[in-house]
Amino acid sequence: MNRLRALTGTLLATATMVAATLGVVTPAAAAPAGLPGMDVSSYQGNVNWSAAWNNGARFAYVKATEGTYYTNPYFAQQYNGSYSVGMIRGSYHFARPDTTTGATQANYFVDHGGGWSKDGRTLPGALDIEYNPYGATCYGLSQSAMRSWIASFVNQYYARTGRWATIYTTTDWWTTCTGNYSGFAATNPLWLARYAGTVGTLPAGWATYSFWQWASSGTFPGDQNVWNGSLDRLRVLACNGPC
């Protein structure tokens, strides 16, 4: 089941939404090719990072913020703990386009754990933009207004950090709420959620994905992910080039 990254946990959505858009995969299903990783939020609490590392996880995304009203109370344990065991880690922001502007939320994110440093171990922050757990699927925005909101967020994030944010979404939501807009593909890495045996059709513009969230549970705490490449290539993303 897709777990929408809402206030009370990582990605928690309805079963009907999941069946239509993400497909079904069991925790026992074989992981797809790629470098194994995970993402967590307050739902996981204090994570045993040494166990996750020993089981093969090499990167993690950690929820930092939502809207302009919430910070993950376990953020320090999760963000610093993943780093301490050797993982490449980043933070993510759950978007609330119905509450404040994209730029305002980008600033809140950066000010509460969403920054970036060229240390070879920090991924660009991620914008989690997906199904609304609180109401209308597209947060009451038209497709053009949603595109503008996302642009406001990623442009401000770039202005603050010098990095283009990773965009987490599903193809179904992206098509429905942005009109399958291709304009961010040239700059923003894609983190696709799809719980199925294949990654499926990507949103317009992206020739490939960077990260794939392929299951909501499995070997690691939180959601199961792969990076579409080698550890060396993930370090290149972390460094925005050579370190």
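User: Is Cys 138 buried or exposed?

Analyst: Please keep in mind that this is a predicted model. A residue is called buried when its relative accessible area is under 20%; Cys 138, at 15% relative accessibility, therefore counts as buried. Cys 177 is buried as well, with a relative accessible area of 0%.

User: Which cysteine is joined to Cys 138 by a disulfide, and what is the S to S distance?

Analyst: In general, a disulfide is a covalent bond between the sulfur atoms of two cysteines. Here the disulfide joins Cys 138 to Cys 177, with an S to S distance of 2.0 Å, and the angle of -80° about the S-S bond makes this link left-handed. The pair links distant parts of the chain, 39 residues apart, since Cys 138 sits in the loop between strand E5 (126–128) and helix H5 (143–161), while Cys 177 belongs to helix H6 (residues 171–178).

User: How many disulfides does a search of the whole structure find, and which pattern do they follow?

Analyst: The search finds 2 disulfides, and with bonded cysteines counted along the chain their pattern is 1-2, 3-4. One of them joins Cys 239 to Cys 243, with an S to S distance of 1.4 Å. Within this pair, Cys 239 counts as buried at 0% relative accessibility, whereas Cys 243 is exposed, with a relative accessible area of 69%.

User: What share of the residues of the chain counts as buried?

Analyst: Of its 243 residues, 53% count as buried, in a chain that has 7 helices and 9 strands.

Technical notes. Residues are numbered from 1 along each chain as its sequence is written. This is a predicted model: local features need pLDDT of at least 70, side-chain atom pairs count only at pLDDT 80 or more; totals for chains, interfaces and linings use all residues. Side-chain values use heavy atoms; hydrogens and water are left out. Helices (H or I, at least four residues) and strands (E, at least two) are DSSP runs, numbered from the N terminus. Buried means under 20% relative accessible area, exposed over 50%, partly exposed in between (1.4 Å probe, protein chains only). A disulfide is a pair of cysteine sulfur atoms within 2.5 Å.
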